[in-house]
Amino acid sequence: MDVWKYKTIPIYRLYHVDIDEHLYTASVEEKNELITSGWLDEGIGWYAPEKTEEPVYRLYHANQNTHFYTKNQTELDQLLANGWIMEGISFYSAPSEGKPIHRLYGPSRKGGTHHFTEN
């Protein structure tokens, strides 16, 4: 059993078939709004700390119609310089406690997407 020193919240995972993308949000309101607009509810992806000093930012690229998540400041700056739009803090990362969240890349006909999972 993981022992967290942080209060945790669920991170919801949604999927949209038409654009072949997963989206992650801590907001129940956003999750419900996306479901009404065609996103599939895939349940809780993982539990994250409610707040820490390590924010994970969500960015959007209109030409690619995709979202991306990062907590790395250098990567964030590079993405913003290349046309990505900052959507703000999506959730927070635990500095070292808990299970790691893995980022995977899957190339596809539409240019590829990233997937995040604790499994």
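Predicted model: local features only at pLDDT ≥ 70, side-chain atom pairs only at ≥ 80, totals over all residues.
Colleague: Which residue does the side chain of Thr25 meet in a polar contact?

Modeller: Leaving aside residues up to four places away in sequence, Thr25 touches a set of residues that includes Pro10, Ile11, Tyr12, Arg58 and Ser90. Glu30 also belongs to that set, and the polar contact, side chain to side chain at 2.5 Å, is with Glu30.

Colleague: Which backbone nitrogen does the side chain of Glu21 reach?

Modeller: Among the residues that Glu21 touches, not counting those up to four places away in sequence, are Trp39, Asn65, Thr66 and His67. Asn65 is 44 residues from Glu21 in sequence, yet their C-alpha atoms are 8.9 Å apart in space. The side chain of Glu21 comes to 2.5 Å from a backbone nitrogen, that of His67.

Colleague: How many bridges join E1 to E2, and which residue of their hairpin takes a positive phi?

Modeller: Strands E1 and E2 run antiparallel and are joined by 5 bridges, with Tyr15 having His22 in E2 as its bridge partner. Their hairpin has 4 residues between the strands, and the residue with a positive phi, near 50°, is Asp20.

Colleague: Turning to the open sheet of 3 strands, which are its edge strands?

Modeller: The strands of this open sheet follow the order E5-E4-E6, with antiparallel pairing. Strands that pair on one side only are its edges, and these are E5 (66-70) and E6 (85-92).

Colleague: What is the bridge partner of Pro55 in E6?

Modeller: Strand E4 (residues 55-61) and E6 run antiparallel, and 6 bridges join them. For Pro55, the bridge partner in E6 is Tyr92.

Colleague: What angle does the direction of helix H2 make with that of E5?

Modeller: Helix H2, which covers residues 73-81, packs on the sheet and touches E4, E5 and E6. Taken against the direction of E5, the direction of H2 makes an angle of about 155°.

Colleague: Why are the buried residues of H2 on the same side of the helix, and which exposed residues does the face turned away from them carry?

Modeller: The buried residues of H2 are Glu75, Leu76 and Leu79. Because they cover an arc of only 100° around the axis, they fall on the same side of H2. The face turned away from that buried side carries the exposed residues Thr74, Gln78 and Ala81.

Colleague: Which residue caps the N-terminal end of H2?

Modeller: H2 is followed by Gly83, whose phi is positive, near 95°. At the N-terminal end, a side-chain oxygen lies 3.0 Å from the backbone nitrogen of Thr74, and the capping residue that provides this oxygen is Asn72.

Definitions and conventions
Residues numbered from 1 in each chain as written. Heavy atoms only, no water. Polar contact = N/O pair within 3.5 Å; in protein donor to acceptor, adjacent residues only side chain to side chain. Contact = heavy atoms within 4.5 Å. Pairing = 2+ DSSP bridges. Helix = DSSP H or I, 4+ residues; strand = E, 2+ residues; numbered from the N terminus. Axes fitted to C-alpha atoms, helices over the stretch in contact; angles between N-to-C directions. Buried < 20%, exposed > 50% of the residue type's maximum accessible area, 1.4 Å probe, protein only. Arc of directions from axis to C-beta.
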